[in-house]
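Hi,

Here is the structure we talked about handing over. Please open it first, then read the notes below.

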Amino acid sequence: MQIALDLAKKGMHTSMPNPRVGCIVVHENQIVGQGWHRAPGEAHAESIALSEAGNKAQGSTVYSTLEPCTHYGKTPPCVEALIAARVGKVVYAVEDPNPIVSGQSRKILESAEIEVIAGILSQESKDLNIGFHKRMKTGLPYIRTKIAASIDGKTALMNGNSKWISSIKSRDDVQLWRARSCAIVTSIDTVIADDPSLNVRINDFLDNNQPTRVILDSQLRIKSHYKILKSPGDVIVYSLKQVHNDPIFEGMIENIEEHDGHVSLESVFRDLAKKEINEV
């Protein structure tokens with residue numbers, strides 16, 4: 001299962017909003033097929049691994065980091081592929097939190113006389129897809145907060161000037177956390193004060209994998225010259241106002257409920273979950 005988890009990690013930056021899944025097929029103690037889910041609409045890990053295994057899949061043991069899917073989406077159900085390949089046993093790490101799937105594959109596979117074992121390295125699998133699990137179960141994304149603060153709890157000088165107080169290592173960590181996120185959220189105050197780009201700056205990171213940049217701007221103070229608007233990737237501006245006088249913002253602005261004179265954070269995060277944002 002650890003090998004399957006390592007395969008799943010290859011989809012860390014590309015599989016969203018789908019979960020990161022890896023799979024191996026073992027025949028006579030040898031790995032004869034392996035796969036991982038690369039991107040939405042592409043083949044699932046199980047299908048790739050079974051295809052690579054070919055005839056050796058018959059009677060084999062299949063290890064998957066997530067319960068095989070049972071429904072038709074952009075790809076056929078993986079349980080059908082497993083049954084058609086006549087595998088002998090399916091071992092998966094954790095149940096799929098998607099209510100359409102959750103717990104259903106065991107019944108289908110066992111009815112086809114395929115042995116099923118679940119719960120192997122389940123926490124590791126959940127951690128890998130922590131946002132997917134959170135979104136499916138609560139209708140909210142998993143939220144991480146990044147704060148650079150001095151030992152006395154300050155984030156800026158008394159005069160408001162910005163100054164580096166984080167280390168190179170911590171800033172590198174931020175890039176890794178950004179890279180696995182579906183969205184990066186900030187306030188218009190931060191945009192005005194710091195003019196950040198809020199993009200992922202990792203070697204070989206593809207532009208089309210850039211997280212969506214989200215700006216909380218109750219009174220629509222955003223201007224077109226800020227760096228956050230210049231990088232590749234989508235931008236959403238949540239506001240209480242509907243129309244900006246600059247046409248560049250057409251299609252970016254989304255109205256959201258108010259809370260104490262500001263955009264409602266809960267409403268923002270619930271809306272992001274509806275947009276299939278897993279990790280923020």
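**Notes on the model**

In β7, Leu216 is the bridge partner of Ser187. Strands here are DSSP E runs of at least two residues, helices are H or I runs of at least four, and both are numbered from the N terminus. Two strands pair if DSSP finds at least two bridges between them.

Before going on, two points on the source. This is a predicted model, where local features need pLDDT of at least 70 and side-chain atom pairs count only at pLDDT 80 or more, while totals for chains, interfaces and linings use all residues. Residues are numbered from 1 along each chain as its sequence is written, and side-chain values use heavy atoms, with hydrogens and water left out.

**The sheet**

β6 and β7 (residues 212–216) run parallel and are joined by 5 bridges. They belong to an open sheet of 4 strands, in the order β6-β7-β8-β9, with parallel pairing. Its edge strands are β6 (183–187) and β9 (253–255), and each pairs on one side only. From one strand to the next, the twist averages 25°. Helix α9 (residues 265–274) lies across β6, β7, β8 (235–239) and β9. α9 runs at about 145° to β8. Axes are lines fitted to C-alpha atoms, for helices over the stretch in contact, and angles run from 0 to 180 degrees between N-to-C directions. Contact means heavy atoms within 4.5 Å.

**The whole chain**

The protein chain has 9 helices and 11 strands. Its C-alpha atoms fill a box of roughly 70 × 40 × 30 Å along the principal axes. Of its 280 residues, 44% are buried. Buried means under 20% relative accessible area, exposed over 50%, and partly exposed in between (1.4 Å probe, protein chains only). Among contacts with a separation of 6 or more, 61% come from residues 24 or more positions apart.

**Backbone spots to check**

Most residues other than glycine have a negative phi, and most peptide bonds are trans.

- The Met16 to Pro17 peptide bond is cis, with omega near 10°. Pro17 is in the loop between α1 (2–8) and β1 (22–27).
- Arg86 has a positive phi, near 60°. It is in the loop between α3 (78–84) and β4 (89–92). Arg86 is exposed, at 56% relative accessible area.
- Leu220 also has a positive phi, about 55°. It lies in the loop between β7 and β8. Is Leu220 buried or exposed? Leu220 counts as buried, at 10% relative accessibility.

Best wishes
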